Amino acid sequence: MLETLIEALQQALDLIWSGDPEIVSVTLRSLYVSGLATLLSCIWGLPAAVLLGLSSFPGRRLVKGFFNALLGVPTVALGLILYLLLSKSGPLGIFRLLYTPLAISIGQSILITPIIVSFVSSALESTDVELRDLARTLGASRLQTNLAVMQEALWGVTLAVVASFNRAIAELGVAMMLGGNIRYVTRLLTTAIALESARGEIAFSIALAIILMVVVFSISILLNFLRRG
Amino acid sequence: MADYLRTEDVDKMYGEIKALDSVTLDVEKGRVVTLLGSNGSGKTTLLRILAGLEEPRRGNILLEHRKVSPEGLRQISTMVFQKTVMFNTSVYGNVAFGLKARGLRNEEVDKRVSQALASVGLAAFQRRKAKKLSGGEQQRVALARAFVLEPEILLLDEPTANLDPANATIIEDSIRKIRQTEECTIVLATHNLHQAKRLSDEIVHIHMGKILEAANPEDFFMHPSNQITRRFINGELQF
């Protein structure tokens with residue numbers, strides 16, 4: 001058994017080293033789809049996080065609790081809801097998004113929005129209250145004060161964005177249900193791993209898993225390196 | 001010059017706690033007025049109201065006999081906090097923050113930051129990370145960051161409370177220098193009797209949110225009229 005595993009690992013490394021076109025295609029598509037998902041979630045998630053983290057309004061705690069609760073939403077359930085919405089007979093079927101990379105990006109972005117909102121708003125809340133007073137007493141406008149606080153929470157914001165990307169790229173349920181795992185169209189690292197391992201293509205699965213982990217770890221390591229710098 | 005800044009019957013509540021109780025205080029322009037009192041006496045609350053960071057529940061703040069809003073106060077005053085807070089940037093970035101917020105040109109910002117840092121003995125520290133400085137150095141940066149804006153009113157909340165004697169002396173010297181060179185009214189909160197004596201034109205004793213005594217340093221220490229103030233000066237006040 002161990003010998004088989006070692007042999008599969010060797011084959012997996014050979015596949016990576018040889019630049020197998022399918023592996024390259026799946027990797028680049030995964031990066032693109034999850035990168036777009038992260039960008040989309042930042043576009044609507046960051047303003048929501050700033051509002052929750054730096055303002056006070058009636059029902060703020062309720063909204064924050066709602067986003068915190070969404071952190072644990074099952075991806076398959078979310079995938080199913082979006083599948084029903086995007087399917088031909090669904091209310092958004094007219095856009096013909098189902099089984100496209102864009103559908104997966106939208107699904108992943110919805111999945112990771114609670115991570116952006118909850119983590120970024122908490123990072124903003126945890127900055128010194130005195131920092132806001134300081135900015136105001138130095139003559140900063142409300143916008144300048146918020147920017148100063150955001151700059152202070154930059155590390156927390158960056159961590160939230162990276163955690164969101166990692167969550168998106170490692171996600172399977174939404175990608176499978178909305179993408180359909182179509183070869184050269186919507187096949188991603190996770191869906192390909194699921195398929196190839198079910199087919200008994202262990203070496204191929206291991207190669208994809210190694211790439212997935214390298215992507216996730218290298219971003220985190222790079223981030224740590226930049227922080228120290 | 002009288003009645004430049006006046007708090008009129010100012011009350012402030014934090015929940016059930018009355019932090020300020022009908023506080024009426026007159027501050028003359030260009031003077032150093034010290035709010036002297038124990039911890040929790042209401043000094044910081046009064047400073048925060050004068051800084052435009054808090055609104056009184058009742059009463060007014062008057063500037064040259066005209067009612068002034070918190071926004072108006074924020075335009076003419078700057079506060080140095082007891083707990084030193086630094087922006088996560090260089091010393092230069094910290095001192096330049098308020099100047100940039102006011103939209104000053106870069107050359108003007110550079111010039112004024114250099115002058116301000118030189119006056120607190122930190123001319124060579126411009127590029128250093130502010131958060132990496134010692135407590136005393138950070139407090140000097142905080143002072144430079146406040147007076148670089150040339151505020152009409154400078155509010156100092158226990159500026160030497162957490163400092164060693166050497167740094168406290170530097171801060172006190174800087175305050176004297178500001179007073180000599182700038183047309184600035186300074187309101188200083190402290191519980192340090194000696195510091196109040198050294199720096200003030202007028203000393204105001206606040207106790208449990210009320211002003212008990214206001215006089216020049218000599219009269220304040222030699223002939224206090226209030227019984228509680230007398231006990232405070234003699235170190236006999238237990239609460």
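Two residues are in contact here if their C-beta atoms, placed from the backbone, lie within 7 Å. By that rule, the contact takes 17 residues from chain B and 14 residues from chain A. On the chain B side, α2 (70-76), β6 (77-80) and α3 (91-101) each supply at least two residues; helices (H or I, at least four residues) and strands (E, at least two) are DSSP runs, numbered from the N terminus. α3(B) gives the most to this side, with three residues. Sorted by class, the side of chain B that touches chain A has nine nonpolar, four polar and four charged residues. In this sorting, Ala, Val, Leu, Ile, Met, Phe, Trp, Tyr, Cys and Pro count as nonpolar, Asp, Glu, Lys and Arg as charged, and the others, Gly among them, as polar.

Before going further, a word on the model: it is predicted, local features need pLDDT of at least 70, side-chain atom pairs count only at pLDDT 80 or more, and totals for chains, interfaces and linings use all residues. Residues are numbered from 1 along each chain as its sequence is written, while chains are lettered from A and ligands numbered from 1 in the order in which they are written.

Now let us look at chain B as a whole. Its secondary structure comes to nine helices and ten strands. The C-alpha atoms of chain B fill a box of roughly 50 × 40 × 35 Å, taken along the principal axes. With 239 residues, a compact globule would have a radius of gyration near 18 Å, and chain B agrees, with 18 Å. This radius is taken over C-alpha atoms, and the globule rule is 2.2 Å times the number of residues to the power 0.38.

Chain B has an open sheet of four strands in the order β2-β1-β4-β5, with antiparallel pairing; two strands pair if DSSP finds at least two bridges between them. β2 (17-27) and β5 (66-67) of chain B stand at the edges with a single partner strand each, so one side of each is left without a neighbour in the sheet. β1(B) and β2(B) pair over seven bridges, and Thr7(B) stands opposite Leu25(B) in β2(B). These two strands form a hairpin with two residues between them, and Gly15(B) in the turn has a positive phi of about 65 degrees. Strand β4 (residues 58-63) of chain B pairs with β5(B) over two bridges, where Leu62(B) stands opposite Lys67(B).

Another open sheet of chain B has six strands in the order β6-β7-β8-β3-β9-β10, and its pairing is mixed. Here β6 and β10 (210-215) of chain B stand at the edges, each with a single partner strand, so one side of each is left without a neighbour in the sheet. Within it, β7 (residues 153-157) and β8 (residues 185-190) of chain B pair in the parallel sense over five bridges, and Leu154(B) stands opposite Ile186(B) in β8(B).

Finally, turn to chain A. Helix α3 (residues 60-70) of chain A packs against helix α5 (residues 101-125) of chain A at an angle of about 125 degrees, with their axes 8 Å apart. Axes are lines fitted to C-alpha atoms, for helices over the stretch in contact, and angles run from 0 to 180 degrees between N-to-C directions. The contact is made by Lys64(A), Phe67(A), Asn68(A) and Leu70(A) of α3(A) and Pro114(A), Val117(A), Ser118(A) and Ser121(A) of α5(A).
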